[in-house]
Amino acid sequence: MEIFGYPAQAVLSQLVIGLVNGSFYAMLSLGLAIIFGLLNVINLSHGALYMLGAFATWMGLDYLGLSYWAMLILAPLIVGLIGVVIEKTMLRWLYKLDHLYGLLLMIGLASFLEGLLQSFYGASGVSYSAPDALNGAADLGFMVLPVYQAWVVAVSLVVCFATWYAIERTRLGSYLRAGTENPRLVEAFGINVPRLITLTYAFGVGLAGLAGVLAAPTVQVSPQMGSNLIVVVFAVVVIGGLSSIVGAIVTGLVLGVAEALVSLFYPQASATVVFVIMAIVLVLRPAGLFGKER
Amino acid sequence: MIDRKVAYGLAVVVLLLAPHFVYPLFLMNVLCFALFACSFNLLIGFAGLVSFGHAAFFGGAGYIAGYVLATLHWPFALGIVAGIVTGASMGLGFGLLAARRNGIYFSMITLALAQMIYFVFLQAPFTGGEDGLQGIPRGTLAGLDLTNDMTFYYVVLAITSLGYALMLRVVHSPFGQVLLAIRENEARAVSLGYDVTRHKLLAFVLSTSLAGLAGATKAVSVGTQTLTDAHWAMSGLVILMVLIGGMGTYFGPVIGALVIVALESKLGDFGNLLAETTHVDWFRQIGVSVTMVTGLIFVVCVLTFRRGIVGSMLALSRKAGGQGARQHG
């Protein structure tokens with residue numbers, strides 16, 4: 001069976017790869033969007049924290065013998081804790097200043113974390129393999145589906161949906177949304193906004209940490225894995241709308257698939273397609289597809 | 001503190017005598033990065049625009065200049081001009097798309113466009129991809145043989161001084177004053193009747209032209225051009241240079257460039273020194289992991305040292321009676 005002149009198997013497995021990449025894009029841009037919405041900070045260190053999540057997973061196994069399943073819970077918590085420290089000790093001082101400085105802090109932090117891990121583990125990094133339960137592939141008849149890929153997509157969809165639900169439908173989420181619109185008024189209502197900010201930041205980077213755990217078996221766990229990804233994630237967030245939750249999730253998935261399909265039909269453009277789309281969106285609709293002009 | 005004219009005079013003397021004491025290639029590197037940093041400062045310090053993709057102009061001009069010199073055998077002067085024109089035209093292209101926006105959206109557009117340019121360079125055959133463009137000849141200029149490092153140093157010094165002088169001229173002009181107004185309060189500048197978009201576009205093109213000049217000169221001085229110069233990490237590095245030196249000051253970016261270039265070349269030795277004195281082997285890794293140190297400096301500067309070196313010096317001299325220096329920032 002053929003689709004557009006390519007064997008169906010190839011197109012479908014490329015589609016799944018696109019969904020996997022898209023899941024990572026979605027989770028990472030979701031974290032970025034949440035953080036930007038409330039803190040008005042573009043968390044450029046998101047990639048480095050995702051990388052820390054992956055490394056934590058590996059370290060958990062290598063130093064403490066903790067399984068993948070344990071790290072699935074622990075790694076996001078650890079990264080979230082690091083996020084709390086970052087917010088409380090560094091980010092907090094910069095809210096009063098021009099946005100530029102928050103940005104610069106994040107750039108510096110990302111460089112520092114990458115360099116730090118590189119000094120310990122080298123540029124090529126370490127390798128981590130998936131647990132046995134998730135290895136192998138399922139033969140679905142029309143295609144062969146690697147189990148781990150299906151697992152990644154499933155977990156991401158569940159987490160993204162749960163996050164969306166928490167933000168849009170729960171009381172805590174309503175505090176977050178209110179804080180995004182008018183933090184002073186929310187504080188006047190008696191809600192501890194600084195703590196909300198810290199927790200939001202921790203949650204956002206925790207998502208990145210979770211993405212790191214999921215990524216550890218699929219990509220080489222190297223210090224650069226974050227920076228390779230972060231620029232594309234950026235573009236995704238901008239296209240989706242800098243603080244839009246739905247925008248981040250949908251755009252992440254769609255662009256992941258788009259990128260994968262383009263790399264099948266026209267490989268040279270696959271790296272640039274996201275940026276071309278971003279440039280077009282910025283010129284025509286700068287607030288992003290789902291965003292509101294601030 | 002010191003009178004400004006004396007300081008400049010001292011700087012000129014130091015720059016003229018330096019190659020007899022310090023390795024000329026290192027100095028040329030510093031000068032080119034200083035010009036690059038000054039071009040960036042023009043945008044961020046005076047117009048208040050953060051361009052996240054400035055490396056595209058720096059690296060791009062280097063590639064084009066390198067190509068016309070190495071493959072088309074153009075004379076040196078034309079190669080440099082090609083670099084400037086590359087910077088200017090890329091700047092015009094980026095600027096037409098970005099100038100209407102401000103703040104974070106402006107930065108995002110420049111980043112996106114710079115990434116596209118990076119991938120174009122990665123794949124275009126003439127750039128040599130990951131290997132880079134090799135064998136860029138120095139040639140001659142008005143009869144002078146430029147392969148002599150000493151001679152070429154003075155040529156580079158002349159070029160970068162001209163660039164620096166141009167930057168000063170732009171800032172001190174009425175145009176420069178309008179840029180400052182736009183930086184302080186864009187809405188008010190609009191309400192006063194200034195065509196803000198056109199001013200931003202012109203400032204952008206001027207900045208990218210200077211960046212192009214810096215990139216082309218550096219490509220010729222080193223003889224090769226690699227992807228590093230067009231990567232967004234280079235854009236981050238130039239931001240750090242300006243931050244350390246002092247945003248919005250005139251000489252700050254030059255000092256910042258000096259600090260960073262010196263740091264990058266001496267860090268390995270420093271790491272080894274630390275390793276020997278403390279017997280902690282890990283310190284040897286510092287030399288390999290320059291990004292860790294630059295990242296740390298970045299973080300410390302942003303939190304505690306936002307005025308930068310020159311900025312802090314100016315603030316101190318102002319406190320001590322405000323003699324001389326009437327610089328901004």
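Two residues are in contact here if their C-beta atoms, placed from the backbone, lie within 7 Å. Keep that cut-off in mind for the whole tour. The model is predicted.

**Stop 1: Ala235(A)**

Select Ala235(A) and set aside its neighbours within four places in sequence. Its contacts are then Val274(A), Phe275(A), Met278(A) and, from the other chain, Ala112(B).

**Stop 2: the core around it**

Now widen the view. Ala235(A), Met278(A) and Ala112(B) have the most contacts inside the largest nonpolar core, which has 210 residues. Which helix gives the most to this core? Select residues 8-39 of chain A: this is helix α1, and it supplies 17 residues.

**Stop 3: α1(A) against α5(A)**

The crossing is left-handed.

Colour the residues that make the contact:

- From α1(A): Val16(A), Leu19(A), Val20(A), Ser23(A), Ala26(A), Met27(A) and Leu30(A).
- From α5(A): Gln149(A), Val152(A), Val153(A), Ser156(A), Val159(A), Cys160(A) and Thr163(A).

**Stop 4: where the chains meet**

Show both chains. In chain A, 33 residues are in contact with 34 residues of chain B. Which helices of chain A supply at least two residues each to the side that touches chain B? Select α4 (99-121), α9 (225-240) and α11 (273-284). The largest share, 16 residues, comes from α4(A). By class, the side of chain A that touches chain B has 24 nonpolar residues, 8 polar and 1 charged.

**Stop 5: a helix pair in chain B**

Select helix α3 of chain B, residues 54-70, and helix α5 of chain B, residues 103-123. Their axes come within 9 Å and cross at roughly 30 degrees. Angles under 35 degrees count as roughly parallel, so α3(B) is roughly parallel to α5(B). This crossing is left-handed.

Which residues meet here? On α3(B), pick Ala55(B), Ala56(B), Gly59(B), Gly60(B) and Tyr63(B). On α5(B), pick Ala114(B), Ile117(B), Tyr118(B) and Phe121(B). The contact of α3(B) with α5(B) divides into 7 nonpolar residues, 2 polar and no charged.

Methods. Residues are numbered from 1 along each chain as its sequence is written. Chains are lettered from A and ligands numbered from 1 in the order in which they are written. This is a predicted model: local features need pLDDT of at least 70, side-chain atom pairs count only at pLDDT 80 or more; totals for chains, interfaces and linings use all residues. Helices (H or I, at least four residues) and strands (E, at least two) are DSSP runs, numbered from the N terminus. Ala, Val, Leu, Ile, Met, Phe, Trp, Tyr, Cys and Pro count as nonpolar, Asp, Glu, Lys and Arg as charged, and the others, Gly among them, as polar. Axes are lines fitted to C-alpha atoms, for helices over the stretch in contact, and angles run from 0 to 180 degrees between N-to-C directions. Angles under 35 degrees count as roughly parallel, over 145 as roughly antiparallel, 65 to 115 as roughly perpendicular and the rest as oblique. A crossing is left-handed if the near helix is turned anticlockwise from the far one by less than a right angle, and right-handed if clockwise. A nonpolar core is a set of buried Ala, Val, Leu, Ile, Met, Phe, Trp, Tyr and Cys residues joined through C-beta atoms within 7 Å. A residue is buried if 20 or more other C-beta atoms lie within 10 Å of its own, exposed if 12 or fewer, and partly exposed in between; C-beta atoms are placed from the backbone.
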